[in-house]
Amino acid sequence: MKIMVPIKRVSDPDNANKVKITPDGKGVTSEGLSWDINPFDLYGVEAAIRLTENGPKKERIGEVFVVTLGPQDVAIQLRRCLAMGAEKAIRIEAQDTQLDSWVVARTLAKIFEMEKPDLIILGKATVDGESNQVAQILANILNLPQATFVAAISHKPQEPFITVTREVDGGVIKAKVSMPAVISVSERILGSRAVQNGITPDNFDYPSDNVRYTPLPMIKKAEKKPLEQKTLAELGVDTSMKVDYFAFLPPPARKAGIKVDSVETLVQKLKNEAKVI
Amino acid sequence: MARTLIVGEMFEGKVRKPTLCGVTFALKLKELKGAPFDILLPGKGSKEGAMEVAEFGAERVFYTEAKEYESYKAESYAPLVAGVVKKVGYDTVCATANIYGKDLMPRVAAILDAGMASDITQVEVSGSETIYQRPIYAGNVIAKLKIKTPISIVTVRQTDFPPCETKSGKSAVEEIPAEKPLTSAVKVEILGFEKTQSTRPELTEAKVVVSGGRGLKAKENFKMIEDLADLLGGAVGATRAAVDAGMVPNELQVGQTGKIVAPDLYIAVGLSGAIQHLAGMKGSKVIVAINKDEEAPIFSVADYGLVADLFQAVPKLIQEIKRVKE
């Protein structure tokens with residue numbers, strides 16, 4: 001199986017409260033914060049690698065390539081995916097301000113057509129823009145089936161479909177999806193047995209809720225793996241944007257609260273002051 | 001001409017309440033730019049469902065119980081929505097930003113070649129332009145955006161566009177024919193749906209939410225969170241850490257990646273207040289935090305903070321609330 005995993009570089013999600021609005025109010029800057037792979041995309045990389053390996057034997061049995069749109073230094077994030085086990089990386093030169101969901105989806109569609117993977121796995125959303133649109137738009141452009149918010153994937157060798165568990169409102173849906181397909185994954189995909197490929201024994205437990213650690217030899221090996229560079233122009237991508245983000249504001253501030261010294265005071269305040277109990 | 005289409009949702013034969021969040025949004029657009037609105041309700045039971053939503057001021061309510069829509073698939077629902085948009089003519093198409101809206105609407109946008117604003121919290125009209133606001137960076141920045149295509153696709157955040165409760169004006173109810181599904185529809189086969197069982201109110205609809213985090217330490221200890229929630233008629237929530245640790249089921253997760261809630265009262269117990277969690281609850285009216293670490297970030301958003309060991313404070317809180325309620 002050959003899997004394509006698009007990733008996005010985001011500023012450190014654990015310090016999202018430190019991003020700043022530019023003085024003119026027309027942009028957001030994350031200066032001073034480190035870059036990271038969007039966590040859900042990273043879970044997608046982990047899921048793709050689990051699908052294409054013999055877990056206990058640490059043998060690759062399929063192929064994973066990662067794709068991103070970004071400036072030169074996003075190679076750091078791509079190399080990390082290569083060190084995790086991906087076979088190849090593709091970077092398409094772009095600046096964040098050039099991108100909306102449509103530009104990203106159109107670009108990924110071009111890469112799909114060149115590489116012909118069996119499956120595209122994306123994160124369910126990015127933690128910066130939080131739009132949650134690319135997977136669905138991409139599926140539509142390619143006329144492929146979609147499965148979003150996927151919490152578990154199972155595939156058997158040679159079978160032309162995958163079985164997925166999707167977390168939806170009020171429960172979970174199980175569905176059989178023919179490949180090629182576009183899926184987006186939630187954090188549950190990191191569950192110790194959430195990804196089954198018929199080669200790794202079904203009762204093999206991955207360390208739960210963890211993306212694999214990349215030891216030094218893997219990092220060294222990753223330096224020799226192919227990292228292709230492309231431009232939007234050579235791919236012939238329509239770069240017109242459909243959405244214009246023209247201003248940014250700080251969120252409404254909450255008024256400062258108080259500390260109470262006992263449960264009794266708390267209950268009195270909730271009853272008499274806030275009137276919520 | 002400005003006209004809004006609300007994409008409603010059926011669930012197990014009944015209209016799902018978030019459908020009425022779309023009505024709240026459409027009424028707002030009607031007020032701002034005089035746009036009339038219609039509702040589209042596909043799925044089993046939608047004939048009866050259409051009667052139910054025909055009392056909220058829509059001009060028309062369209063329904064279809066065709067077999068294509070018995071179980072939801074984006075690949076069959078999206079062309080239906082797009083078909084109605086093309087036939088009737090709308091400049092705005094909205095749904096609620098629950099999983100249904102999040103899964104479906106980008107595919108609708110793709111078919112209609114339209115721009116989309118996801119999970120909006122506000123809408124305003126300035127001259128001929130409609131401007132949307134939506135939180136980004138886990139709620140730490142509010143972005144203002146315009147959509148440049150003739151048709152705008154929008155999903156609305158439930159906490160900011162709460163379900164419309166005021167009835168106004170009868171709608172005409174019309175059955176519509178099925179639309180040809182996308183060819184990719186046959187590539188998806190729904191094998192089953194497993195419903196979450198809970199006797200408590202829905203997290204997103206509850207007036208009170210009591211949430212626990214890593215500080216609860218073990219599954220058994222969530223019992224006291226449940227007791228406190230039950231005492232207040234509320235829902236139980238949790239942090240991702242508590243879910244990851246297997247203390248509670250996934251669907252109780254509150255946060256950027258879980259449910260977004262804004263109840264009248266939110267009680268945060270034994271959780272530090274990671275950015276991702278705050279993103280899901282800081283719109284709550286009154287926030288109470290109980291944590292033994294006085295430096296915990298949750299205190300920065302709490303109206304009432306109690307620095308205490310939760311294992312002593314929560315049982316005492318239950319006792320004390322029972323006492324004042326008598």
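**Where chains A and B meet**

Biologist: How many salt bridges are counted between chain B and chain A?

Modeller: This is a predicted model, in which local features need pLDDT of at least 70 and side-chain atom pairs count only at pLDDT 80 or more, while totals for chains, interfaces and linings use all residues, and side-chain values use heavy atoms, with hydrogens and water left out. Residues are numbered from 1 along each chain as its sequence is written, and chains are lettered from A and ligands numbered from 1 in the order in which they are written. A salt bridge is a side-chain nitrogen of Lys or Arg within 4 Å of a carboxyl oxygen of Asp or Glu, and the count between chain B and chain A is seven.

Biologist: How far apart are the closest N and O atoms of R166(A) and D103(B)?

Modeller: R166(A) and D103(B) belong to chain A and chain B and form a salt bridge. The distance between their closest N and O atoms is 3.5 Å.

Biologist: Which helix gives the largest share of the side of chain B that touches chain A?

Modeller: Helices here are DSSP runs (H or I, at least four residues), as strands are (E, at least two), numbered from the N terminus. The largest share of that side of chain B is nine residues, and these come from residues 99–112, helix α4 of chain B.

Biologist: How much area is buried between chain B and chain A?

Modeller: The contact (heavy atoms within 4.5 Å) takes 87 residues from chain B and 79 residues from chain A. Buried area is the accessible area (1.4 Å probe) that two parts lose on being put together, summed over both. Carbon and sulfur atoms give 56% of the buried area, which is about 7,200 Å².

Biologist: Which element gives the largest share of the lining of the largest cavity?

Modeller: On a 1 Å grid over the protein atoms alone, a cavity is a set of points where a 1.4 Å probe fits but cannot get out, and lining residues have an atom within 4 Å of a point. The largest cavity has a volume of about 90 Å³, and among the 13 residues that line this cavity, those closest to its centre include R166(A) and E75(B). Three lining residues, the largest share, come from β13(A).

Biologist: How many charged residues are in the lining of the largest cavity?

Modeller: Ala, Val, Leu, Ile, Met, Phe, Trp, Tyr, Cys and Pro count as nonpolar, Asp, Glu, Lys and Arg as charged, and the others, Gly among them, as polar. By class, this lining has eight nonpolar residues and one polar residue, and its charged residues number four.

Definitions and conventions. On a 1 Å grid over the protein atoms alone, a cavity is a set of points where a 1.4 Å probe fits but cannot get out, and a pocket is an open set with protein on both sides within 12 Å along at least five of seven lines; lining residues have an atom within 4 Å of a point. Grid points are joined across faces, edges and corners, and a volume is the space filled by probe spheres set on the points.
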